[in-house]
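Please examine the model below together with its sequence.

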Amino acid sequence: MPSSRDASVLLFLPHLDVSGGLGVQCRILLTALAQVESPLRFHVVSLANPRTVFPASGEEIFPRESVDSARFTFDTVPMPDGMSLADKLDPLLQDPLAAMKPDLLYCSYYTGVEHPPCPQVVTFHDAGFLENPAGFGATAALRRQTMDAIRDSIAMVHCISADARDRICRTLPWDAAKTKVIWHALPDSPEIMEAANRCDVGSVRLATQSLAEFVPYFFLPVGAATGFNR
């Protein structure tokens with residue numbers, strides 16, 4: 001993170017107002033940053049049309065008023081027709097980057113920009129599309145193509161578990177020295193997490209869904225993934 005008192009960070013969080021795990025992660029990230037005493041300023045960029053980009057997801061709006069407006073500003077960008085989040089993000093972020101001139105760019109979902117004006121960090125949630133490209137179809141191929149194009153412009157890859165990092169570094173491939181493992185935070189209390197690990201509990205309501213909605217599969221909801229969410 002930049003250390004200057006006047007430093008700023010542009011956070012691209014396309015899932016900020018989307019229900020489900022990725023949305024939860026984006027909203028908790030902002031909540032955590034707001035609780036840390038820091039002079040850093042954050043400019044949050046999300047999608048203006050999330051329901052169009054994520055038609056199968058619900059909407060859960062992050063309350064902008066819950067964070068200090070002196071440190072956090074918000075903006076939205078429309079997703080151009082024919083573009084996906086597996087593409088290079090230059091067309092989406094060129095205007096916010098030019099206007100803000102941040103000291104650091106953070107992209108929360110596998111891809112970033114090819115020509116960033118500052119160091120950029122990209123989050124890889126898991127290695128699913130690398131280990132099972134057939135299951136991801138065109139998205140896997142496009143993400144690989146994008147990574148080949150932006151590889152030299154990525155200062156750091158953020159991974160959400162050491163296992164995911166090892167898989168990503170092996171299959172991408174990527175230099176482990178240019179990674180950082182920081183587990184995703186979860187909003188559930190320790191008591192709820194402990195209860196979820198008991199075999200006699202099937203309807204505990206977690207932050208995103210009930211255990212019953214996992215059908216016959218069961219994973220203790222720790223903040224880590226190695227390939228697929230379930």
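Predicted model: local features only at pLDDT ≥ 70, side-chain atom pairs only at ≥ 80, totals over all residues.

Residues are numbered from 1 along each chain as its sequence is written, and side-chain values use heavy atoms, with hydrogens and water left out.

The mean pLDDT (the predictor's confidence in each residue, from 0 to 100) of the protein chain is 85, and 80% of its residues reach 70 or more. Over residues 214-230 pLDDT stays under 50.

The structure holds one cavity of 30 Å³ or more. A cavity is a set of points, on a 1 Å grid over the protein atoms alone, where a 1.4 Å probe fits but cannot get out; a pocket is an open set with protein on both sides within 12 Å along at least five of seven lines, and lining residues have an atom within 4 Å of a point. Grid points are joined across faces, edges and corners, and a volume is the space filled by probe spheres set on the points. The largest cavity contains about 40 Å³ of space, and its lining consists of Phe12, Pro14, Leu85, Leu89, Ser108, Tyr109 and Thr111.

Ser108, one of these lining residues, lies in the loop between β4 (104-107) and β5 (120-124). Ser108 counts as buried because its relative accessibility is 6% (buried means under 20% relative accessible area, exposed over 50%, partly exposed in between, with a 1.4 Å probe and protein chains only). Its contacts (heavy atoms within 4.5 Å), not counting residues up to four places away in sequence, include Phe12, Pro14 and His125. A polar atom of the Ser108 side chain lies 3.1 Å from the backbone oxygen of Phe12.

Met79 is found in the loop between β3 (72-77) and α3 (90-100), and is likewise buried, at 9% relative accessible area. Beyond four places in sequence, Met79 touches Leu47, Asn49, Val53, Ser84, Leu85 and Leu92.

The second largest pocket has a volume of about 670 Å³. Of the 30 residues that line this pocket, the closest to its centre are Leu29, Tyr106, Val121, His158 and Ile182. The largest share of the lining, seven residues, comes from α1.

Technical notes: Helix = DSSP H or I, 4+ residues; strand = E, 2+ residues; numbered from the N terminus. Polar contact = N/O pair within 3.5 Å; in protein donor to acceptor, adjacent residues only side chain to side chain.
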